[in-house]
Amino acid sequence: MMPTRRGSFRLFRLAGINVYLHWSWFVVAVYEIGTGENRYSSLGWNALEYLALFLIVLMHEFGHALACRQVGGQANQIVLWPLGGVAYVSPPPRPGANLWSIAAGPLVNVLLLPLLTGLVLLNGGFGWLTQGFDWTVAPPAQALLRSVWVINLGLLVFNLLPIYPLDGGQILRSLLWFVAGRARSLMVASIIGFVGVAGLIVVAFWAQSVWGGVLCAFILLNCWGGLRQARALARIASAPRREGFACPVCGSAPPRGAFWGCGKCRQAFDTFATGAVCPHCGAQFHATACFDCGNLRPISEWSIPASALRDPAKA
C-alpha cells in the first residue's frame with residue numbers, strides 16, 4: 001500500500017537517512033511542467049516551481065524522520081513518488097512518541113509559512129488574493145514565490161485532514177491512543193478515514209480529477225490496511241502470555257500464538273514455540289520483535305525465570 005524502494009533509486013544520504021526517488025516522479029514532472037507552460041514566460045520557471053514542491057515535501061518527510069529518532073525510534077528511509085513522500089518511521093509504541101513523530105511533519109510547513117509570507121510581502125503583498133492574479137504579466141520570480149506560498153499552505157491544510165493515513169488522521173489516532181488504547185484508536189481512525197475518503201471521492205468526481213481519484217484509492221487501501229492491523233493488535237492484546245519469557249527491554253511477556261511472520265515464506269508462526277525457526281521453511285531468525293515496545297532482541301535474551309515476568313495487562 002505504501003511506496004517502496006522497488007522502482008526507486010537513491011538520491012543521497014543525509015543524517016543517516018537514505019532518500020529514494022521513484023522513476024514515475026520524472027514522468028509526472030514532465031507532464032506537470034509541460035502542461036503549465038502558460039503560467040510563466042518559460043518552462044524553466046515551471047520546473048523551478050515543481051522543484052520547490054519537491055523540496056517542501058522532502059523537508060516535511062525529514063521532519064517526521066528526525067522527530068522519530070528524537071523519541072528513540074528508527075527512521076532511515078524516505079521514498080518520494082508522484083503523490084508525495086513517505087518517511088518510513090518506527091517510533092516506540094507509545095502514544096506520545098507516535099504523536100510527535102507524525103506532528104513534526106506538518107510542523108515543518110507551519111514553520112515555513114511565516115518565512116514564505118515574509119518573502120511574498122516583500123515582493124508585492126497579497127492583493128492577488130482579492131483582486132486576482134495575472135500570471136502572464138507578473139514578474140516570474142514574484143509569481144513563483146506566490147505559487148510556492150500556495151503550495152506550502154495547501155500541503156499543510158490537506159495533510160491535517162483527519163483522514164487516515166494522512167498526518168491529520170494519524171494525529172487523531174495518536175490522541176485517541178491516550179484514552180482508547182493502541183488497537184481501538186487505530187480502528188476508530190481507520191473508520192473515520194473511510195468516511196473522510198468518501199467525501200474526497202465526491203470532490204474528485206466533481207472536479208474530474210484523475211490524480212484525485214488515484215489519491216482516494218491510495219487512502220482507501222491504507223484505511224483497509226489500518227483496520228486489519230487494528231484487529232491484529234486487538235488479538236495480540238487479548239492473547240494469553242507465554243510463561244518463561246520476557247522482553248529484555250520492557251519486561252513484557254510475549255503473547256502465545258502465531259503472531260510472528262516469516263519474511264521468507266510469508267507464513268505466520270509462534271517464534272517462541274519453535275526457537276525462532278520458521279516451521280514452514282526452516283528460516284532462522286536472529287532477533288525477535290516485542291509487540292509492546294517494538295525492540296528487536298535475540299530470543300536467547302528473552303528467557304528469564306517465571307517469577308520475574310511482568311504481565312503488561314496488569315501493569
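1. The model is a predicted one, in which local features need pLDDT of at least 70 and side-chain atom pairs count only at pLDDT 80 or more, while totals for chains, interfaces and linings use all residues. Residues are numbered from 1 along each chain as its sequence is written, and side-chain values use heavy atoms, with hydrogens and water left out.

2. Helix H6 (residues 167-180) and helix H7 (residues 182-207) have axes that come within 8 Å and cross at roughly 145°. Helices here are DSSP runs of H or I with at least four residues, numbered from the N terminus, and the axes are lines fitted to C-alpha atoms over the stretch in contact, with angles between N-to-C directions running from 0 to 180 degrees. On the H6 side, Gly169, Leu172, Arg173, Leu176, Trp177 and Ala180 take part, and they meet Arg182, Arg184, Ser185, Leu186, Val188, Ala189 and Ile192 in H7, where contact means heavy atoms within 4.5 Å. The residues of this contact divide into eight nonpolar, two polar and three charged; Ala, Val, Leu, Ile, Met, Phe, Trp, Tyr, Cys and Pro count as nonpolar, Asp, Glu, Lys and Arg as charged, and the others, Gly among them, as polar.

3. Asparagine 152 belongs to helix H5 (residues 140-159). With a relative accessible area of 0%, asparagine 152 is buried, a term that stands for under 20% relative accessible area with a 1.4 Å probe and protein chains only. Leaving aside residues up to four places away in sequence, asparagine 152 touches Ile56, Asn109, Leu112, Leu113 and Leu116.

4. The second largest pocket has a volume of about 500 Å³. On a 1 Å grid over the protein atoms alone, a pocket is an open set of points with protein on both sides within 12 Å along at least five of seven lines, a cavity is a set where a 1.4 Å probe fits but cannot get out, and lining residues have an atom within 4 Å of a point. Of the 21 residues in the lining of this pocket, Trp177, Arg182, Ala237, Phe291 and Asp292 are the closest to its centre. H6, H7 and helix H8 (210-238) are the elements that give two or more residues to the lining, and H8 gives the most, with four.

5. One cavity of 30 Å³ or more is found in a search of the whole structure. Among the residues that line the largest cavity are Arg241, Trp260, Phe291, Asp292 and Trp302, and its lining divides into eight nonpolar, one polar and two charged residues.

Definitions and conventions: Grid points are joined across faces, edges and corners, and a volume is the space filled by probe spheres set on the points. Buried means under 20% relative accessible area, exposed over 50%, partly exposed in between (1.4 Å probe, protein chains only).
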